[in-house]
Amino acid sequence: MKIICIGRNYADHAKEMNSPLPKVPMFFMKADTSLLRPGMPFFYPSFSKDIHFECELVIKINRVGKNIAERFAHKYYSEIGLGIDLTARDLQAECKKNGHPWEISKSFEGSAPICKDFIDKSELQLDDLKFRLEQNGEEVQKGTSADMIFSIDKLIAYVSQFMTLKKGDLIYTGTPAGVGPIAINDILVGFIGEKKMFEVKIK
Ligand code: MG
């Protein structure tokens, strides 16, 4: 399986990063070894001093497809979950400055915490899907799919032009504003609506 992550899909986050708004979706990849299995702690790595949380809705692809038309994209996923795109902001800044790829800042071990159970999309209001992240009991991020620059269907159509999507692939759909640093002993809890989706301890 592969993990596709969308960058700058919420205007308020692009603004807080001083990034221009994209005209087309922007994506990068994480290795399958980035997935942090539900219930496992995240061990703060020694190569970064500034790892940030980015809480994101996650689409699970349910069948093979390429060059998927936007109007058919809804047939390629049936479940939505929640995860974190952990980002080594210090390494990312260095990569950006040097015009290098982002992998070392994005695709490291455990950098993609994911929920245990996904939610069937028939139970969700997809055009206004609210989610939030708490850090040590305090709300730090909240977003809604209504604020996405590119909708889920647009993202699937766009990405599938470049690579075949396969069953089990995950698409992290971008983060809203409010990203911030994590610290050892933090507890990060994510919600879709009022449903608790994951709890991640930082060690
Ligand atoms: Mg992200």
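The lining of the largest pocket in this predicted model comprises, by class, nine nonpolar, two polar and two charged residues. This pocket has a volume of about 200 Å³, and among the 13 residues that line it, those lying nearest its centre are L36, P41, F43, E109 and G110.

The structure holds one cavity of 30 Å³ or more, and the volume of the largest cavity is about 130 Å³. Its lining is made up of 18 residues, of which G7, R8, H13, E54 and W102 are the closest to the centre of the cavity. Two or more lining residues are contributed by each of strand 1 (3-7), helix 1 (11-16) and helix 2 (89-98), with the largest share, three residues, coming from helix 2.

E54 is located in the loop between strand 4 (51-53) and strand 5 (55-61), whereas D85 is located in the loop between strand 6 (77-84) and strand 7 (87-88), so the pair ties together parts that are 31 residues apart in sequence. Both E54 and D85 are buried, with a relative accessible area under 20% when the protein chains only are considered.

A further local feature is the hairpin formed by strand 10 and strand 11, in which two residues stand between the strands. Strand 10 spans residues 130-135 and strand 11 spans residues 138-144, and the two pair in the antiparallel sense over six bridges. One of the residues involved is Q135, whose bridge partner in strand 11 is E138. Within this hairpin, N136 takes a positive phi, near 55 degrees.

Notes
Residues numbered from 1 in each chain as written. Predicted model: local features only at pLDDT ≥ 70, side-chain atom pairs only at ≥ 80, totals over all residues. Heavy atoms only, no water. 1 Å grid on protein atoms, 1.4 Å probe; cavity = no way out; pocket = protein on both sides within 12 Å on 5 of 7 lines; lining within 4 Å. Points joined across faces, edges and corners; volume = space filled by probe spheres on them. Helix = DSSP H or I, 4+ residues; strand = E, 2+ residues; numbered from the N terminus. Nonpolar A, V, L, I, M, F, W, Y, C, P; charged D, E, K, R; others polar. Buried < 20%, exposed > 50% of the residue type's maximum accessible area, 1.4 Å probe, protein only. Pairing = 2+ DSSP bridges.
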